[in-house]
Amino acid sequence: MPFTGPAEDRLAIRELLETYADAVTRVDADDWAATWAEDAEWSLPDYPELGTTRGRAAIKAMWVEAMKNYPGIMFEAWPGSIEVTGDTAKMRSYTAEVYDQNGTTMRDRGVYEDTCVKIDGKWLFKSRSFRNIHRQHAPKGC
């Protein structure tokens, strides 16, 4: 089953994902970083130059630097599955991004495999691993 566990937890995890996406679009590093557990891990295997980053502070610093390459980003995310077991959950989520890069409009789609944890009643990302599904480049203005 792609969606299991208490509906209240699944809703809170979905709102965690939506908060993350909103913070990316607003390029709000503090709100974005607040979605991660202190001892979180972010893996980007399709970007070997970035690799895996551990710890909320290091993840935030890497993201702030990386976001300089994504001006005008519009980031959307939605869950494909959420499986809650107690204070831990597995989520698969999909992303769609549109941004400008060197005069070209980029459209990227990807998938995250996530582990979420409930700490003091709040769901956070414990680990996220991102893979590209599709990249499309279009001339600016298309």
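Strand β2 (residues 36–44) and strand β3 (residues 51–54) pair in the antiparallel sense over four bridges, where two strands count as paired if DSSP finds at least two bridges between them, and where strands (E, at least two residues) and helices (H or I, at least four) are DSSP runs numbered from the N terminus. A hairpin of six residues joins β2 to β3, and within the pairing Glu41 stands opposite Arg54 in β3. This is a predicted model, in which local features need pLDDT of at least 70 and side-chain atom pairs count only at pLDDT 80 or more, while totals for chains, interfaces and linings use all residues. Residues are numbered from 1 along each chain as its sequence is written, and side-chain values use heavy atoms, with hydrogens and water left out.

In the loop between α2 (29–33) and β2 lies Thr35, which is buried, with a relative accessible area of 2%; buried means under 20%, exposed over 50% and partly exposed in between, with a 1.4 Å probe and protein chains only. Leaving aside neighbours within four places in sequence, Thr35 is in contact with Leu16, Thr19, Tyr20, Leu124 and Phe125, contact meaning heavy atoms within 4.5 Å. A polar atom of the Thr35 side chain also lies 2.7 Å from the backbone oxygen of Trp32.

Side chains of opposite charge can pair when their charged atoms come close. The structure holds 12 salt bridges, each a side-chain nitrogen of Lys or Arg within 4 Å of a carboxyl oxygen of Asp or Glu. One of them joins the side chains of Asp22 and Arg26 (2.8 Å, N to O), both of which lie in helix α1 (residues 7–26), four residues apart, or about one turn of the helix. Asp22 is partly exposed at 38% relative accessible area, and Arg26 is partly exposed at 42%.

Another salt bridge is formed by Glu38 and Arg56, with the closest N and O atoms 2.8 Å apart. This pair links distant parts of the chain, since Glu38 is in strand β2 and Arg56 in helix α3 (residues 56–66), 18 residues apart. Glu38 is exposed, with a relative accessible area of 53%, whereas Arg56 counts as partly exposed at 22%.

Arg128 forms a salt bridge with Asp114, and here the closest N and O atoms are 2.8 Å apart. Arg128 lies in strand β7 (residues 122–139) and Asp114 in strand β6 (residues 104–119), so the pair ties together parts that are 14 residues apart in sequence. Arg128 is buried, with a relative accessible area of 2%, and Asp114 is buried, also with 2%.

Technical notes:
A polar contact is a pair of N or O atoms within 3.5 Å; within protein, one must be able to donate a hydrogen and the other to accept it, and residues adjacent in sequence count only if both atoms are side-chain atoms.
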